[in-house]
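Here's a quick look at how the nonpolar and aromatic side chains get together in this protein.

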Amino acid sequence: DQLQEANASKSLRSTIHEACLFGTGVYKGPFELQKEYAKWDATGAYTPTMLTIPDMEHVSLWNSYPDPDAMNMFEAEYFTQRHKLSRTQLRSLKKRPMFRGKNIEALIKEGPNYLSMWWESEISDDFDSSTYERWEVLEYWGIIDGDLAREAGLKIPKEYKNFDEFQVNVWISGDYVLRLVINPFKPMRIPYFMIPYEVNPY
């Protein structure tokens, strides 16, 4: 039921398709997501029900940048995902925990900063110029140095006060840090799975 609620059948199909096509599929999650279910009371007033459901997604191999020295995700020290977001998608991030709304608005005010990679026109049939009205956002999960974390304004819990490095989740775009938090998973883990079509021992 939870997989069905998260529309996992569609995202898993996409991951398996890329695993067969390119040799590797990438899957992300699970996360918690607040979903609104429409509901009206006897007087006609809208009283929606909010439920927590799992959230999982397929991540394109072309937007995945894992630790190249790791043989699997258990050995990986970091993973970076590249997003192409619209103005509306950027503003929707402000509704999620720990995102820096002022930085998001400042980024939008500067204008789109997305630059297409050389390979994007090769794998896409969409040549609409509107794709350039987007922002490139990088989502990083992994280790950063303690001094760098403090300089960037990371809120450090007391139990991590004397640590030399931290495992974090960072969202950046241009010169702006949109989110910087200690990895919320306990035990800490990088929430990506890389699925090989066949295992290469080398």
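This is a predicted model: local features need pLDDT of at least 70, side-chain atom pairs count only at pLDDT 80 or more; totals for chains, interfaces and linings use all residues.

Residues are numbered from 1 along each chain as its sequence is written, and side-chain values use heavy atoms, with hydrogens and water left out.

The largest nonpolar core has 12 residues, including Leu85, Leu93, Phe99, Ile104 and Trp171. A nonpolar core here is a set of buried Ala, Val, Leu, Ile, Met, Phe, Trp, Tyr and Cys residues joined through side-chain atoms within 4.5 Å. Helices (H or I, at least four residues) and strands (E, at least two) are DSSP runs, numbered from the N terminus. Leaving out residues up to four places away in sequence, Leu93 touches Leu85, Phe99, Ile104 and Trp171 (contact means heavy atoms within 4.5 Å).

Now the rings: there are nine aromatic pairs. Rings of Phe, Tyr and Trp (its six-membered ring) pair if their centres lie within 6.5 Å; planes under 30 degrees apart count as stacked, over 60 as edge-to-face and the rest as tilted. Two of them:

| Pair | Centre to centre | Angle between planes | Type |
|---|---|---|---|
| Phe31 and Phe185 | 5.7 Å | 50° | tilted |
| Phe163 and Phe166 | 6.3 Å | 10° | stacked |

Phe31 sits in strand β1 (residues 24–37) and Phe185 in the loop between β7 and β8 (192–196), so their pair ties together parts 154 residues apart in sequence. Ring pairs also link Phe31, Trp141 and Phe185 into a cluster.

Notes. Buried means under 20% relative accessible area, exposed over 50%, partly exposed in between (1.4 Å probe, protein chains only).
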